[in-house]
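Read this report with the model open beside you. Find each residue as its name comes up.

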Amino acid sequence: MVRIAGLAGNRGRNLMHLAAVEPGGAEVTVVCTDDTTAPVLSSAADRGIPTEVVERGDDSTADHEARLLDRLEDYEVDLVCMDGYMRVLSGELLDALPPTLNVHPSLLPAFRGENAHEQALAAGVRTTGCTVHVATETLDAGPIVTQEAVPVYEDDDADDLKRRVLYEAEFKAYPRAVRWFAENRVTVDDDGVTIEGDESGAFPVRRTASEDRRRTLRYGENPHQDAALYADDGFDGASVVHADRLNEGAKALSYNNYNDADAALGLVREFDDPAAAVIKHTNPAGCATADSLVNAYDDALTTDEMSAFGGIVALNRTCDAKTAESIVESFKEVVVAPGYTDGALDALAAKDDLRVLDVGSLNARRDASAEKPVVGGRLVQERDDWAPTRDDLSVVTDRAPTDDEAETMLFAWRVLKHVKSNGIVLASGTETVGIGMGQVSRVDAVRLAAMKADEHAEGKSVEGAVMASDAFFPFPDGVERAAEAGVEAVIQPGGSVNDEDVIAAADDHGMAMAFTGTRCFRHD
């Protein structure tokens, strides 16, 4: 455990934050100040942290520092953290102390000394922040351990900037630096500071996001929630954020529109053949590929036209007039495509509030990672770009799938990747028949998919369909329920302790089953 001695001059908010979060298990064991009225004294006392006051009297700097060292000798200290301690420490004191850190409210070497926020505003910079550095005899010039940036806005004053730098920069950077010391990853020598493992790559040790607000939205998921859209202006791939709106007279897109449109675009990008999908609440209501875009759309729509009402349509080809005319036959919120013919735009323009997005070429790059904010941080992962080929299918039943069934398995899996878990897709050919999504029970997802197919699919049947499951079946009941509904082939990851029982159930019903060895959960 790293034991910290804090040197504070006022409130010591950074020190109290370190005490609260204990980065890397570090503990503030004593707080020292030279001011008997410093508010940090009561804050430390409230936390049970011992305090020492070493007032600056008429004696010399050397005598004062000697008294400070004398007080600290009563404590075991591994690291010293300065926080508003308005003294430049001598080389003799720094040599006698453990490694000593200071946090300065600017991105050094810019704006050294006092009034860093006023200096930043006077200089007209658009970004400032904080620097955690090793303290030296020279003011604000020691080797840098880490920095954190914050934006400077047009309406900022010094108080605004001070508050933002403290909470959005110092409260991140200082604990990070302390954690690195606690993990024994910091080397300080004549060449400066080296942090072991401070590397880039797919998952760098530190991330800096720079995004600009593109627009304020009418509201969030619900009318009582405020919302805004932020854009990464360095991104040049196909996205609904950067898409051209081709009917500016229509009402603005909502938070939910953007979210659903992004999900729809991700689904149709799975396919090389003409593909269409209808999305509702980020789940597919239907998806299909076909020899033409209009046939793909019609096949997708008839999976569940009732649920598709008010949904988002995504296409992976330039939208032509026939497809557009089919789309406007029922109410849709948004159409997403990599282009539109003039005839298609004429047809779509007939619907006043239908938002039409041109996302550009789908061959352009996409983000390699996906992320989700959680309270206190973000989850970041690689995108699930994997989908099985014929060679990835491991047949485990007595009956092997036919060529047509195998083709449907591969199609269904690509759709399934975009269905919220627990997810089940029933498909025939290269079109969906029924989709069961977001269930906490896999057998309930099977029941829902079969019910959707029986009650909502137009001109489709579960009879002879292929079932895709995003994770293994823990018991035979899901396969048995599918067989009762008419399913004749199954694709699933496998890997359950009860695989043998599940395979036996499939064999009993004359079903073909293939394992992929890989699951495709979607939890967001």
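Asp 140 sits in the loop between strand S6 (127-134) and S7. This is a predicted model. The phi of Asp 140 is positive, about 55°, although the residue is not a glycine. Most residues other than glycine have a negative phi, and most peptide bonds are trans. Is Asp 140 buried or exposed? Asp 140 counts as buried, because its relative accessibility is 6% and the cut-off for buried is under 20%.

Glu 22 also has a positive phi, near 45°, and is a residue other than glycine. Look for Glu 22 in the loop between H1 and strand S2 (27-33). Glu 22 has 40% relative accessibility, so it counts as partly exposed.

**A sheet of strands**

Now turn to the strands. Seven of them form an open sheet in the order S3-S2-S1-S4-S5-S6-S7, and the pairing is mixed. Which strands stand at the edges? They are strand S3 (51-53) and strand S7 (144-151). Each has a single partner strand, so one side of each is left without a neighbour in the sheet. On average, neighbouring strands of this sheet are turned by 20° against each other, direction ignored.

Strand S1 (residues 3-8) and S4 run parallel, joined by 5 bridges. Ala 5 is placed opposite Val 80 in S4.

**Strand S25 and its partners**

Strand S25 (residues 512-515) is covered on both faces. Ala 512 and Ala 514 are buried on one side, and Met 513 and Phe 515 are buried on the other. How many bridges join strand S24 (residues 489-492) to S25? There are 4, and these two strands run parallel. Ile 491 faces Ala 514 of S25 across this pairing. Strand S20 (residues 394-395) runs antiparallel to S25, with 2 bridges between them. Here Ser 394 has Phe 515 of S25 as its bridge partner.

**The second largest pocket**

Next comes empty space. Rolling a probe the size of a water molecule over the atoms shows where empty space is left. The second largest pocket holds about 980 Å³ of space. It is lined by 34 residues, and the closest to its centre are Gly 84, Tyr 85, Met 86, Val 103 and Pro 105. Several elements supply at least two lining residues each: helix H1 (13-21), strand S4 (79-83), strand S5 (100-104), helix H5 (116-123) and helix H6 (158-182). Which helix gives the most to this lining? That is H6, with 5 residues. By type, the lining has 12 nonpolar, 12 polar and 10 charged residues.

**A glycine in a loop**

Finish at Gly 197. This glycine lies in the loop between strand S9 (192-195) and strand S10 (212-217). With a relative accessible area of 33%, Gly 197 is partly exposed. Which residues does Gly 197 contact, leaving aside its neighbours within four places in sequence? They are Arg 185 and Val 205. Arg 185 is 12 residues away from Gly 197 in sequence. In space, their C-alpha atoms are 7.6 Å apart.

Notes:
Residues are numbered from 1 along each chain as its sequence is written. This is a predicted model: local features need pLDDT of at least 70, side-chain atom pairs count only at pLDDT 80 or more; totals for chains, interfaces and linings use all residues. Side-chain values use heavy atoms; hydrogens and water are left out. Buried means under 20% relative accessible area, exposed over 50%, partly exposed in between (1.4 Å probe, protein chains only). Contact means heavy atoms within 4.5 Å. On a 1 Å grid over the protein atoms alone, a cavity is a set of points where a 1.4 Å probe fits but cannot get out, and a pocket is an open set with protein on both sides within 12 Å along at least five of seven lines; lining residues have an atom within 4 Å of a point. Grid points are joined across faces, edges and corners, and a volume is the space filled by probe spheres set on the points. Ala, Val, Leu, Ile, Met, Phe, Trp, Tyr, Cys and Pro count as nonpolar, Asp, Glu, Lys and Arg as charged, and the others, Gly among them, as polar. Two strands pair if DSSP finds at least two bridges between them. Axes are lines fitted to C-alpha atoms, for helices over the stretch in contact, and angles run from 0 to 180 degrees between N-to-C directions.
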